[in-house]
Amino acid sequence: MKFDLDSVFIEHGCADSALATRVLRALPRDVPVTHVGDNETREAARPASGVIDPFGAGKRRLLIARRKTPFLMPCPAGSSKFACCGYLVLTLASNCPMDCSYCFLQEYLADNPAFQVYANFTDSFDELDRLCANAHGRTFRVGTGELADSLAFDSITGISRDLIDFFASRENLTLELKTKTDEIENLLDLDPRGRVLVSWTLSPDAVYRSSEHLTASPAARIAAARAVLDAGYRVAFHFDPLIAYLDAERDYLQLIDELLEVVPPKQISFISMGGLRMTPRLRGAARSRFPADPMLCGEDVLAADGRFRAFTPLRLSLYGSLVDRFKKAGAEIPAYLCMEPASVHEHVFGAAPAKAATIGERLARG
Ligand code: SF4
């Protein structure tokens, strides 16, 4: 196991699940396990009282419970205010054992910070089959890395193997496993049949060292990408959040050069970019948990969507530099912006964004 746990809670009715069995088998003996009823499950998910950092403590408390609401939903980052990539989110877990200072989960999960993994995750396959039945020839890109990292703790849950088996046999679905780990061992002996892509969020070393606690280093993420590519997976990369610190342009371009030395551009399915954005509540929570992080203290402005962002000309300049560097590498790599308005998209790519469904289809098919 690569991350520490303080405790494990298992909801009544989940003790015999495949997930609980796998976790208990892999768990170090000194981690206490408690079985809880429905009402206590809610309590176990809540912030602990009497601790200095309830959100951080929640990350080390694993809760295995049934998900009682749908697993599949449109990406919560989607909005009529932004150009959208047509991504569908499959929520199989909530929260993450890593601890990035800028992570939006610090706000989104402030009231339910326990690291929850859903014992009935295979019920999500019925939802996906219903989606396919009404697809009328469309192809969907479905990801598990929105409210959790897709592969953190995969060494003890093994969920990736169930997912890959399922998606490999569905013609109009593409699975995206999004991660900042190098936890890829479960993937290497499976055949994804072209229907699984693994994506990494990449940041320069300066951001990794100051802000991405417990994650794999950028070099380790790139090496893991090469390994899954060789095992038959597609790969993609997210430069998100793109942080406009002093020397950012130099560092991001160097990072791209390091990436392209290992993964040639024609083998990259797509890239995405999105500037650091924080609601006032998230910014407050992040700065109070990580007061010494210089990446959280750049100059920013409250934008029309209610989030603090780097000034638009600065974001445009960074996006433009990254796009140019990929173009110079000699292959057309599909690219999109996350949570940016159509006007920014037009400025960066010289064209209005396509409809979400069209972009989703393009990214899913590769
Ligand atoms: S790896 Fe992703 S989900 Fe985990 S803390 Fe960092 S930003 Fe949040």
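This is a predicted model: local features need pLDDT of at least 70, side-chain atom pairs count only at pLDDT 80 or more; totals for chains, interfaces and linings use all residues.
**View 1**
On the side of helix 9 the contact involves Pro218, Ile222 and Arg226, which meet Leu255, Glu258, Leu259 and Val262 of helix 10. Sorted by class, the contact of helix 9 with helix 10 holds 5 nonpolar and 2 charged residues, with no polar ones.

**View 2. Helix 10 also meets helix 12.**
Helix 10 spans residues 248–262 and helix 12 spans residues 312–328, and their axes come within 10 Å and cross at roughly 25°. Because angles under 35 degrees count as roughly parallel, helix 10 and helix 12 are described as roughly parallel to each other. Their crossing is right-handed. From helix 10, the residues Ala248, Glu249, Tyr252, Leu253, Ile256, Asp257, Leu259 and Leu260 take part, and they meet Leu318, Ser321, Leu322, Arg325 and Phe326 from helix 12. The contact of helix 10 with helix 12 comprises 9 nonpolar, 1 polar and 3 charged residues. Leu259 of helix 10, listed here among the residues that meet helix 12, is also listed among those that meet helix 9.

**View 3. Helix 12 crosses helix 13.**
The axes of helix 12 and helix 13 come within 9 Å, and they cross at roughly 40°, so that these two helices are oblique to each other. Helix 12 passes helix 13 in a right-handed crossing. Thr312, Arg315, Leu316, Tyr319 and Val323 of helix 12 make this contact together with Val344, His347, Val348 and Phe349 of helix 13. By class, the residues in the contact of helix 12 with helix 13 are 6 nonpolar, 2 polar and 1 charged.

**View 4. The second largest pocket has a volume of about 450 Å³.**
This pocket is lined by 20 residues, of which Glu332, Ile333, Pro334, Ala335 and Phe349 are the closest to its centre. At least two lining residues come from each of helix 12, strand 18 (335–337), helix 13 (342–349) and helix 14 (356–365). The lining of the second largest pocket divides into 16 nonpolar, 1 polar and 3 charged residues. Phe349, one of the residues closest to the pocket centre, is also part of the contact between helix 12 and helix 13.

Notes: Residues are numbered from 1 along each chain as its sequence is written. Side-chain values use heavy atoms; hydrogens and water are left out. Axes are lines fitted to C-alpha atoms, for helices over the stretch in contact, and angles run from 0 to 180 degrees between N-to-C directions. Helices (H or I, at least four residues) and strands (E, at least two) are DSSP runs, numbered from the N terminus. Angles under 35 degrees count as roughly parallel, over 145 as roughly antiparallel, 65 to 115 as roughly perpendicular and the rest as oblique. A crossing is left-handed if the near helix is turned anticlockwise from the far one by less than a right angle, and right-handed if clockwise. Contact means heavy atoms within 4.5 Å. Ala, Val, Leu, Ile, Met, Phe, Trp, Tyr, Cys and Pro count as nonpolar, Asp, Glu, Lys and Arg as charged, and the others, Gly among them, as polar. On a 1 Å grid over the protein atoms alone, a cavity is a set of points where a 1.4 Å probe fits but cannot get out, and a pocket is an open set with protein on both sides within 12 Å along at least five of seven lines; lining residues have an atom within 4 Å of a point. Grid points are joined across faces, edges and corners, and a volume is the space filled by probe spheres set on the points.
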